[in-house]
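Please read this briefing alongside the sequence and the model. It takes strand pairing, then helix packing, then some backbone details.

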Amino acid sequence: MRVGVLTGGGDCPGLNAVIRAVTKSLMRCCQAEVIGIEDGFAGLMEGRVRPLDWDAVSGILFSGGTILGTSNRANPLASKESTEQALAQAGVLGLDALVAIGGNGTMTIAHGLAERGLPIVGVPKTIDNDIEGCERSFGFDTAVATVTQALEHVQTTGQSHGRVMIVETMGRYAGWIALEAGIAGAADAILLPEIDFDPEALIELCRQREAKPRYTVICIAEGAKPRGGELTVERMIQDSPDPIRLGGVAHHLRTMLEPQLHSEVRATVLGHVQRGGSPTPFDRVLATQFGNHAAQLLEAGQFNRMVTLEHGAMGSIALEEVADRTRQVPLDHPLLETARDIGVCLGE
């Protein structure tokens, strides 16, 4: 068996752990030849590859990013010509199967190529934790840890100056990072894409806290928006499969709050600091399990599926059930009830 491995979409802590696990598992358990495809689907279309052997993937478990490089702009499904080019290159490379490690966009592309005859196994990767059919993706725990630390840091300066401190997280259209980090970082308000917030509720919260204990910490997801308002779009990238880039809602919220309060309001957009760095031990273990399970699916001939974690156990799901779907925070999720019960404002 000759298997190609690529990483698509944005970078993420734990990618190298998957590359390492899938390569070592394939080599040890079924004597497969593994090749790394550079820069995601761009490398597949252009035939840019490198061999992956035991030595090539040793010592990379702790490293952030991806040794193969990645791209969030290349889309083999953009045209008939690009699709044919990708499939033709897979043939030239002699691939019996492809392991595609990535998020929603990568799984959608993987499904399209699988429908056209390329055997694929997907591995879910996103700090946003928003992939359908998977309760936890690797990279998410690391991002939550980073945001939690940031909330701790702004709390001390907010407390010292009596300020309202707003911290904006990534997450696109799902609020998983803001929700878990907001609870872990003792935020006074957590604002999610799933629940449009009432600015008046936040103004009242801040006014109550201005007297004692003087400061307020708000954790807001980049996809959150006020009732009756629009998403805050930072920019558009037209040649990307997902052209919308959200960002800046923290500054928008600051302009809503500051004229109504005595306190200074400061906004911090964490941005790509959430994506980088070494993966947490949890993400290293999860990514290793995902890579190993992907190899097991390949060995068993179970193609066109994505590795999943459901109810704490490894499993898989058909790519067609994942493509073009996003997993948001359910409005009856237990963590929302927990947040309300401990007095966190959700902007309602």
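In this predicted model, strand S1 (residues 2-7) pairs in the parallel sense with strand S4 (residues 97-102), and 5 bridges join the two. Within that pairing, Leu6 has Ala100 of S4 as its bridge partner.

**The hairpin of S12 and S13**

- Strand S12 (residues 305-310) and strand S13 (residues 313-318) are antiparallel partners, paired over 6 bridges, and Val307 lies opposite Ser316 of S13.
- The hairpin that these strands form has 2 residues between them, and His311 adopts a positive phi near 55° in this hairpin.

**Packing of helices H6 and H7**

- Helix H6 (residues 140-161) packs against helix H7 (residues 176-184) with the axes 8 Å apart and at an angle of about 50°, which means that H6 is oblique to H7.
- The crossing of H6 and H7 is right-handed, and the residues that make the contact include Phe140, Val144, Val147 and Leu151 from H6, together with Trp176, Ile177, Glu180 and Ala184 from H7.

**Backbone features in loops**

- Most residues other than glycine have a negative phi, and most peptide bonds are trans.
- Arg172, in the loop between strand S6 (164-169) and H7, has a positive phi near 55° although the residue is not glycine; because its relative accessibility is 25%, Arg172 counts as partly exposed.
- Asp324 belongs to the loop between S13 and helix H11 (334-341), where its phi is positive, near 60°, again in a residue other than glycine; with a relative accessible area of 68%, Asp324 is exposed.
- The peptide bond that joins Lys212 and Pro213 is cis, with omega about 15°, and Pro213 is placed in the loop between helix H8 (199-211) and strand S8 (216-221).

Note on methods:
Residues numbered from 1 in each chain as written. Predicted model: local features only at pLDDT ≥ 70, side-chain atom pairs only at ≥ 80, totals over all residues. Heavy atoms only, no water. Pairing = 2+ DSSP bridges. Helix = DSSP H or I, 4+ residues; strand = E, 2+ residues; numbered from the N terminus. Buried < 20%, exposed > 50% of the residue type's maximum accessible area, 1.4 Å probe, protein only. Axes fitted to C-alpha atoms, helices over the stretch in contact; angles between N-to-C directions. Parallel < 35°, antiparallel > 145°, perpendicular 65-115°, else oblique. Left-handed = near helix turned anticlockwise from the far one by under 90°. Contact = heavy atoms within 4.5 Å.
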